[in-house]
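Me: Please take me through a few of the labels that are attached to this model, and set the value behind each label against its criterion.

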2 protein chains.
Amino acid sequence: MPISKNKIKYIRSLEQKKTRREEGVFVAEGPKLTGDLLGHFHCRYLAATAKWMEVHPLVQADEKEVASPDELQRASLLKTPQDVIAVFEQRKEQVDASVTATQLCLALDDVQDPGNLGTIIRIADWFGIEHIFCSFGTADVYNPKVVQATMGALARVHVHYLSLKELIGSLKNIPVYGTFLDGTNIYTQSLSETGLIVMGNEGNGITPEVRSLINRKLFIPNYPTGKETSESLNVAVATAITCAEFRRRFIAP
Amino acid sequence: MPISKNKIKYIRSLEQKKTRREEGVFVAEGPKLTGDLLGHFHCRYLAATAKWMEVHPLVQADEKEVASPDELQRASLLKTPQDVIAVFEQRKEQVDASVTATQLCLALDDVQDPGNLGTIIRIADWFGIEHIFCSFGTADVYNPKVVQATMGALARVHVHYLSLKELIGSLKNIPVYGTFLDGTNIYTQSLSETGLIVMGNEGNGITPEVRSLINRKLFIPNYPTGKETSESLNVAVATAITCAEFRRRFIAP
């Protein structure tokens, strides 16, 4: 039996943030990504080719349907449709700010590009960062472009939306780091294994109200130091270099 | 006088690699990017709003035309057209492989995503890397998406296309580094201030024939080491972390 037109319409409607929020779900596509998220997110609906279904008979979903490649193409939010498309429930979870006392966490202050957010989630996963706090102006983690760019890291990294001003304001004796062009050389600073690293918007950096709450201002030195270069590093690139340096300090040689 | 339809057609035709190569030119858009490239590349043609022209009366180009926002929009290769659009001549230059004896250089083995290539050029600029050697399968540096993503770094970073196998095969006593999931912890290795760092394709990594020529295999450790994570880092992210670590060793504290 073919997938109903209504189902295709429903999946496509989840490209809109408003619909995703109302339904409390998001879409993931492709065997690798879907496989990574199954078991970490409750699967409401899954459509796949007969071949994929045959190879994955035990997949748990509220509803499963075999689909033709043509149907998958019509349902897909991607340029290149995949063998499988799934609708997962969004996580509903609260996390306490006190997690920054026992773990290293990230905060994103209006990171707007979905590709950057997805890449940052993947970086966080690589470096064992489990919680990312996002300002309300940051891209939606359940945007299909973000979900696809995480390459499955979403299974292990938890993303929360809140007021960064309130979050950081509530912290006591927690190091709060940020990278700035006028910060201090990251390689000469003492870095901690726990705390919060704030990264800012692509064009404008960290907002003034959050900036004033940062107590450790860092700078990633260019080379040779002082040379004329591009004005800044891409936010995902700066996040990667910063996280790598924090972790390097605590990796036994 | 309005820009001719033929001129708009010409600019739009430069979205195609074949046309760019035949004409030996490329397109850059936006005040910041165009400003960064003027003086580094010969400008064949420049169209801008009357206001932009007024502020930049001394700009040197073979041909300059005032354009209406509507005309700029029709000529633009971007989603959000800018105040200025320029056609520059591609660089015609040769570089000798011996540059790897006196500088740190990058080699890209089939990096296919234009955004990744642009980001890598920006990273190279930040870390004072002046030459990038690309396999023929790597994205075209003059692709408008690459040019825009470099944010002007193209002014200082020179990109060359050649056979990496031949390039690396011709090197004698030069350290050739690459990152691999089964490489050795980069933080425990001695790194040099000169030589060549090879980065591979987004999906397949470094090709076997190039891999066999790499004499220093590195690994960027995840954290905690040995933990389950995403399978790899994005190639631009891995390039950033690698270049940062190479340069860190030679930055005086």
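Me: Where is the place of Pro224(A), and what joins Tyr223(A) and Pro224(A)?

Reply: In this predicted model, Pro224(A) sits in the loop between strand S10 (216-219) and helix H10 (235-248) of chain A, and the bond joining Tyr223(A) to Pro224(A) is a cis peptide bond, with omega about -10°. In chain B, a cis peptide bond likewise joins Tyr223(B) and Pro224(B), where omega is about -10°, and Pro224(B) is found in the loop between strand S10 (216-219) and H10 of chain B.

Me: Why is Met151(A) called buried?

Reply: The label requires 20 or more other C-beta atoms within 10 Å of the residue's own; Met151(A) has 21 other C-beta atoms within 10 Å, and therefore counts as buried. Met151(A) lies in the loop between helix H7 (144-149) and strand S7 (158-161) of chain A, and has a positive phi of about 55° although it is not a glycine.

Me: What makes Met151(B) a buried residue?

Reply: Met151(B) has 21 other C-beta atoms within 10 Å, and because the criterion asks for 20 or more, Met151(B) is buried. Its place is the loop between H7 and S7 of chain B, and its phi, near 55°, is a positive value in a residue other than glycine.

Me: How do you know that S5 and S6 of chain B pair?

Reply: Pairing requires at least two bridges between the strands, and strand S5 (residues 104-109) and strand S6 (residues 131-134) of chain B have three, so they qualify, in the parallel sense. Within this pair, Leu106(B) stands opposite Ile132(B) in S6(B), and S5(B), H6(B) and S6(B) together make a right-handed β-α-β unit.

Me: What makes S6(B) and strand S7 of chain B a pair?

Reply: Four bridges join S6(B) to strand S7 (residues 158-161) of chain B, and because at least two are needed, these parallel strands count as paired. Phe133(B) stands opposite His160(B) in S7(B), while the chain crosses from S6(B) through helix H7 (residues 144-149) of chain B to S7(B) in a right-handed β-α-β crossover.

Me: How many residues of chain B are in contact with chain A, and which element gives the largest share?

Reply: There are 32 residues of chain B in contact with 32 residues of chain A, where contact requires C-beta atoms within 7 Å. The largest share of the side of chain B that touches chain A, seven residues, comes from H10(B), and by class that side has 18 nonpolar, nine polar and five charged residues.

Methods:
Residues are numbered from 1 along each chain as its sequence is written. Chains are lettered from A and ligands numbered from 1 in the order in which they are written. This is a predicted model: local features need pLDDT of at least 70, side-chain atom pairs count only at pLDDT 80 or more; totals for chains, interfaces and linings use all residues. Two residues are in contact if their C-beta atoms, placed from the backbone, lie within 7 Å. Ala, Val, Leu, Ile, Met, Phe, Trp, Tyr, Cys and Pro count as nonpolar, Asp, Glu, Lys and Arg as charged, and the others, Gly among them, as polar. A crossover is right-handed if, with the strands pointing away from the viewer, the path from the first strand over the helix to the second runs clockwise. A residue is buried if 20 or more other C-beta atoms lie within 10 Å of its own, exposed if 12 or fewer, and partly exposed in between; C-beta atoms are placed from the backbone.
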